[in-house]
There are 4 protein chains.
Amino acid sequence: MTSSHTFEPILRRIAAEIESMAERGRPADYIPALAVYDPRRFGMAVAELDGTVYGVGDWREPFSTQSISKVFTLALDLAREGDTLWKHVSREPSGNPFNSLVQLEYENGIPRNPFINAGALVVTDRLHTLTGYAAGTLLEFLRAESGNAALAINDGVAASESAHGDRNAALGHFMASYGNIENPVAVLLDQYFRQCSIEASCADLALATGFLARHGIRADGTRLLTQSQAKQVNAIMLTCGTYDAAGDFAYRVGLPGKSGVGGGIIAVVPGCCTLCVWGPGLDERGNSVVGVAALDRFTTLTGLSVF
Amino acid sequence: MTSSHTFEPILRRIAAEIESMAERGRPADYIPALAVYDPRRFGMAVAELDGTVYGVGDWREPFSTQSISKVFTLALDLAREGDTLWKHVSREPSGNPFNSLVQLEYENGIPRNPFINAGALVVTDRLHTLTGYAAGTLLEFLRAESGNAALAINDGVAASESAHGDRNAALGHFMASYGNIENPVAVLLDQYFRQCSIEASCADLALATGFLARHGIRADGTRLLTQSQAKQVNAIMLTCGTYDAAGDFAYRVGLPGKSGVGGGIIAVVPGCCTLCVWGPGLDERGNSVVGVAALDRFTTLTGLSVF
Amino acid sequence: MTSSHTFEPILRRIAAEIESMAERGRPADYIPALAVYDPRRFGMAVAELDGTVYGVGDWREPFSTQSISKVFTLALDLAREGDTLWKHVSREPSGNPFNSLVQLEYENGIPRNPFINAGALVVTDRLHTLTGYAAGTLLEFLRAESGNAALAINDGVAASESAHGDRNAALGHFMASYGNIENPVAVLLDQYFRQCSIEASCADLALATGFLARHGIRADGTRLLTQSQAKQVNAIMLTCGTYDAAGDFAYRVGLPGKSGVGGGIIAVVPGCCTLCVWGPGLDERGNSVVGVAALDRFTTLTGLSVF
Amino acid sequence: MTSSHTFEPILRRIAAEIESMAERGRPADYIPALAVYDPRRFGMAVAELDGTVYGVGDWREPFSTQSISKVFTLALDLAREGDTLWKHVSREPSGNPFNSLVQLEYENGIPRNPFINAGALVVTDRLHTLTGYAAGTLLEFLRAESGNAALAINDGVAASESAHGDRNAALGHFMASYGNIENPVAVLLDQYFRQCSIEASCADLALATGFLARHGIRADGTRLLTQSQAKQVNAIMLTCGTYDAAGDFAYRVGLPGKSGVGGGIIAVVPGCCTLCVWGPGLDERGNSVVGVAALDRFTTLTGLSVF
């Protein structure tokens, strides 16, 4: 699948630059399963519209997708229920750290956007109602788009997330108190922790994100989202995709992107390609230090940017 | 200057659609000078990279630029002091109504971004220090870019803004208490109210915005901003340009844009063209109802969008 | 036990005045079990230091104690662990509606005081750790002080509270995420809902509150709290006892008091007597309308007030 | 005026204990005029109902009254307009540091109580409207009650407060934007800074507070407040008088009190006496360290407490 291509020299150059970075942040340590990763790991993959994918470093190493999964559950739910979703979650930047309850209370249980934890819980809740198995629906989608049938939920990570899940339990019960959760909170949390515990590589995730660069078309040529919906998901990624650093990410990288505390970041160049980078060390806002740096370099070197 | 062009039929079609819109919101009424405009007024202009401009409706009618001015003072200040500015104002979406003091207190007097009122005051304060006359520097710039030497500050509007300026005075003094304002608050407010009271038409503002589509190059071919800075201003417009509706605007329109309570909105298609629409009736978040609708139609009909 | 006494004519006069009150608020309706009470019900009891108790109206009718229970769990926990408690809950007025999560987040999981729900959960959690059965310890205490062995938990109310307990579950999990809860949240909530579902009459509660007028001495002459601790509980009742209306209650009534959404209010005249009033209709801040009115009249007519 | 009396040995004992306190906090340093005081200074005075006053230490040394003045402007305004005041300021504890703008925004420009800065500004604004000279009305009252015609405004302190008054200017303009300020903000601030800059001794202030222990009766036997109003002012002092430490003060001291950043605290034992203590070193919440300690000891040693 790997081919020689114009982006490859750029990826090698970026990898060389990243190699010399001393300050790489610290891996997420709120659960033991994430704290074990070496912050010196680095991978980066680019997938073209036709499914060609290539990369550098640890680009075939699976890692915990975590919040990156929120992009896919959003798309899978939107594809099923369309604009009804927007009665239950807004699409405005949050302007607060990603777990904040303040704004949720201020706005009567309607989360600001689908990428803060509260909003992602609402999306998973609705997808679970529509499909009967939210995490399974997501896993099946990721396998199909990446062509990697080996993708799986890491049950140990899911159990560990659950054991440290009081904050998300609080969010779930709080929204339930406003009538904005349909499933029992315990059921929802189980789905959510499974969803976040799917492991995939940069290659897998760059491929799985392809439908957002192809204006809604899946790898097999069928349509998941309308062109308009695909643009809308990109817009939400740009404005809300990197926790409280969305403005900074748009300013530095200039692409729709979504990060996870597993150290991965996916990004979209609409009509051109998709990217995924991985580096376990996080900055104080929860985004991969080398991941943001690598994407910053990519858009600078290629001139690709939505602006 | 008007030429026949591919966008002209689209503008005419949009104008016809807007004509039939019944719900147009209400003009800003916090000062009498803004409340007089008829919400049935509508203008729209497109400026190409070479300075060709054309439009429909009231596209040559001057209106109060208000917060649209914040884009230009940001660019004029960035051109002079560069990244030093970012020690005094952040570039993250605010997630709160545009006058909120809450987040300002929470973040020790550093406004969230240059487009909320607090952040715009900081930018004007700094530009005033650097130039000795912030509002004059802005006026001169707008005249040069639009080629319209008749552009002027409406002193009556400025006086009216000042007479109703307690909220902005509170913001100024509050930031001054954190040491984040350099000029006397009264001097700053005078500059700020003048800046907001400059009147210009859709044609003028579409032309004046051109440097953001030309990656930093002014109308006369000289460079105002680096390519990187121009992209950054576009990124901030996309994430923060329409008050608390930035997410919704990105979702519906998909372009960097900036609105003002005078009913105008400017927007940028990087590398292609700039737009300005005007309709005095505002929605509950302070953005022109017909303006947002017209831009929504424009990107739908042309397929132009950064996503 | 009823005797002729100087307060009896005053109680009769108050009852007559209350009889003519048209506006009596609405019973709590968040659970069906509380919504059934007729807002025309009214009872009031006064207990003297020696255990003499008398009353008017429905003063022997059991009602749901709800948040009044928080005073007793506070005292029972303080008696056991003393000042260690204050590392886990503060004693400042909350300045926000009683269920607010905002301040809890702002202050890292340490509730503002023992009478907001979050603080009461912390107290019950700690009492449960110390006694193995918080709700049972409370019930035993209330039976002993009131001399009424028939006092019981209403299991139906407890189940109903639990079924509508998402807000309290959110609070519990949220504090647990800060490490401020010792027992499993489900165990804690079970204890808490049982505690709130104990039913007692005005007579029972006026008697049970007696230790706060006797500077810490229980009905049987043994000491529960030091004199200093008893004063401190009174101080917390005065500053925090009536949700977001503590200032207004202090202003109008001028006594330490604690209300519950079951419509009851207890009050203390230190060194003199204790009172309990009951009327199911609540004002918009969750306090019994006729209860506050009756206490207001009592302090006006008797001149008793701590000020 | 000094007489031998039962409290004198207690005052001497307290002074001896305070003498040995090592940790005394730091004087307010936001204006140079307050930073000069030696934190080893200490004074304490008790005034009986009949005007007898005695004290220890620096009890006749004038200091800056600062926020203590808010008690007197509240009483002077209440005496003139009665309950109308409560449409413009609430009487609930604030639950936030004393300068917070958050709650003010949340509650549409109506301050939580008359003792946070915002509320004190409203009271002074209204008193200024009613009397034409708020600070002068206050000065005249303090002179009359203390019998000390030499009391005066320290103009240097007032000028210094004004030069550092951005936070209060922000509050004033913010409330003006809600229509809750009647005078020009600059006029109001001038009155407010003068009011806070009156200098008086422990003896003066203990005497001037006497009307609150005499249920509203001034030193000359005339009535300032109704009995009910006097109780209400005491209630507000107890619940709101010591910034964000009102709960702690009620818990430790158990008396209505009001502190100022000049290091003074006044306190009331209703029907018995009034106290004033002074020590310039403040704790992190703005209250005199030795002042709170001295009052704590006083109520412990005498058994006097409203609880």
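Gly132(A) follows helix H5 of chain A and has a positive phi, near 80°. The model is predicted: local features need pLDDT of at least 70, side-chain atom pairs count only at pLDDT 80 or more, and totals for chains, interfaces and linings use all residues. Residues are numbered from 1 along each chain as its sequence is written.

**Helix H5 of chain A**
- Helices are DSSP runs (H or I, at least four residues), numbered from the N terminus.
- Twelve of the 15 residues are buried, so H5(A) is largely enclosed by the rest of the structure. Buried means under 20% relative accessible area (1.4 Å probe, protein chains only).
- Among the buried residues are Asn117(A), Asp125(A), Arg126(A) and His128(A).
- The cover over them includes H3 (69–81), H6 (134–146) and H8 (166–177) of chain A.

**Chains C and D**
- A rotation of 180° with 0.1 Å of shift along its axis superposes chain C on chain D (RMSD 0.0 Å). That is the relation of a two-fold axis.
- Chain C and chain D each give 32 residues to the contact, meaning heavy atoms within 4.5 Å.
- Four salt bridges cross the interface (a side-chain nitrogen of Lys or Arg within 4 Å of a carboxyl oxygen of Asp or Glu).
- One salt bridge joins Glu92(D) and Arg285(C) (3.8 Å, N to O).

Technical notes: Chains lettered and ligands numbered in written order. Heavy atoms only, no water. Buried < 20%, exposed > 50% of the residue type's maximum accessible area, 1.4 Å probe, protein only. Helix = DSSP H or I, 4+ residues; strand = E, 2+ residues; numbered from the N terminus. Least-squares fit on C-alpha atoms with pLDDT ≥ 70 in both.
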